[in-house]
Amino acid sequence: MSYINKLVALCDRLGCECRLNESLREHTTFRIGGNCKAAVFLNSEEAITETVAFCRENSIRFTVIGNGSNIIAEDKFFDGVVFVIGNGFSKINYILDGVVECEAGLMLSKLCVTMKNEGLTGLEFAYGIPGTVGGALYMNAGAYGGQMSDVVVSADYLDIDGSVRTILCENMDLSYRHSAFMNSGRIILRVRIRLQKGSVSEIEQKMEELLGRRRDKQPLNYPSAGSTFKRPEGAFAAALIEQCGLKGLSVGDAQVSEKHSGFIINKGNATFDDIMALVEKVKEKVKQDTGYELELEPEILR
């Protein structure tokens, strides 16, 4: 029996869906990517621990994604397993004295609305970020002056030895678009955040204000991976790109957004090579004209 047949049988036993030859294009907000050997939609801690252990024990290549909003996936076939931690693992386990525990696959937007309805403030900055809670903590996502490190208390994760451990915020090495989870092999399972009591109407007003700013300034009508470049120390990537006259620059269907130059967008049928060629053109021009070296913010899946 091949490893794929064994994986399918394991997923059947665990009650989670396994799709063979699944397109990654359907699971990234950039809407690019080739097919993978199998995509497994995880729905419990047991499913995560057992399927990941299966892959590790059998030396099967795998990767873990959430909403795929900070990923640029190669168009080539991914000869391995993609684990999706999303809607199937997205419960809010408890809300107690301002501390909220939720599963890693919960969408940030849904958590923000729930917190607003509970009269808990502090997470408004995250409203509109198109990612999961686990993905947001993984990259210490932030916007409009707030970031996950401002609210996170602790998290549970699956370690590379198969054990489930708890880590406190102060040990997560959280900094700008960085955490200790990156490139560690550790998989975030649950996240706890601490919020403060607030006015439901004021929280709602703030959320709608920030969402309006996103709609006004960002090219939300096109597929993208959000901000394409990290903010360089002492400057802003979008301002540098615009200063260099790169707004609207295109390679194939990949384009530096004319609405917000910090975004590279997919105008329809952009390929991985289109996007990466455009990224390099932008980096070279900005380096040449300003001296700043831009660093890609999304992770490459290849």
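Reader: Where is Asn70 found in this structure?

Author: In this predicted model, Asn70 is found in the loop between strand 3 (62–65) and strand 4 (71–73).

Reader: Is Asn70 buried or exposed, and how do you know?

Author: The relative accessible area of Asn70 is 16%, and buried means under 20%, so Asn70 is called buried. Leaving aside its neighbours within four places in sequence, Asn70 is in contact with Met139, Ala225, Glu297, Pro298 and Glu299.

Reader: What makes Arg213 buried, exposed or partly exposed?

Author: Arg213, which is found in helix 5, has a relative accessible area of 32%. Buried means under 20% and exposed means over 50%, with partly exposed in between, so the value of 32% makes Arg213 partly exposed.

Reader: What is the angle between helix 3 and helix 5, and how are the two helices directed relative to each other?

Author: Helix 3 (residues 108–117) and helix 5 (residues 200–217) pack at an angle of about 155°, and their axes are 8 Å apart. Angles over 145 degrees count as roughly antiparallel, and therefore helix 3 and helix 5 are described as roughly antiparallel to each other.

Reader: Which residues meet where helix 3 packs with helix 5?

Author: From helix 3, Cys112, Val113, Lys116 and Asn117 take part, and they meet Val200, Ile203, Glu204 and Met207 in helix 5. The residues of this contact divide into five nonpolar, one polar and two charged.

Reader: Why is strand 7 called largely enclosed by the rest of the structure?

Author: Strand 7 (residues 99–103) is described in this way because five of its five residues are buried. Val99, Glu101 and Glu103 point one way from the strand, whereas Val100 and Cys102 point the other way, and all are buried.

Reader: Which strands pair with strand 7, and in what sense do they run?

Author: Strand 6 (residues 92–96) is joined to strand 7 by four bridges, and these two strands run antiparallel. Strand 13 (residues 187–194) also pairs with strand 7 in the antiparallel sense, over five bridges. A pair needs at least two bridges, so four bridges with strand 6 and five bridges with strand 13 are enough for strand 7 to pair with each of them. Tyr94 stands opposite Glu101 in strand 7, and Cys102 stands opposite Val191 in strand 13.

Note on methods
Residues are numbered from 1 along each chain as its sequence is written. This is a predicted model: local features need pLDDT of at least 70, side-chain atom pairs count only at pLDDT 80 or more; totals for chains, interfaces and linings use all residues. Side-chain values use heavy atoms; hydrogens and water are left out. Axes are lines fitted to C-alpha atoms, for helices over the stretch in contact, and angles run from 0 to 180 degrees between N-to-C directions. Angles under 35 degrees count as roughly parallel, over 145 as roughly antiparallel, 65 to 115 as roughly perpendicular and the rest as oblique. Contact means heavy atoms within 4.5 Å. Ala, Val, Leu, Ile, Met, Phe, Trp, Tyr, Cys and Pro count as nonpolar, Asp, Glu, Lys and Arg as charged, and the others, Gly among them, as polar. Buried means under 20% relative accessible area, exposed over 50%, partly exposed in between (1.4 Å probe, protein chains only).
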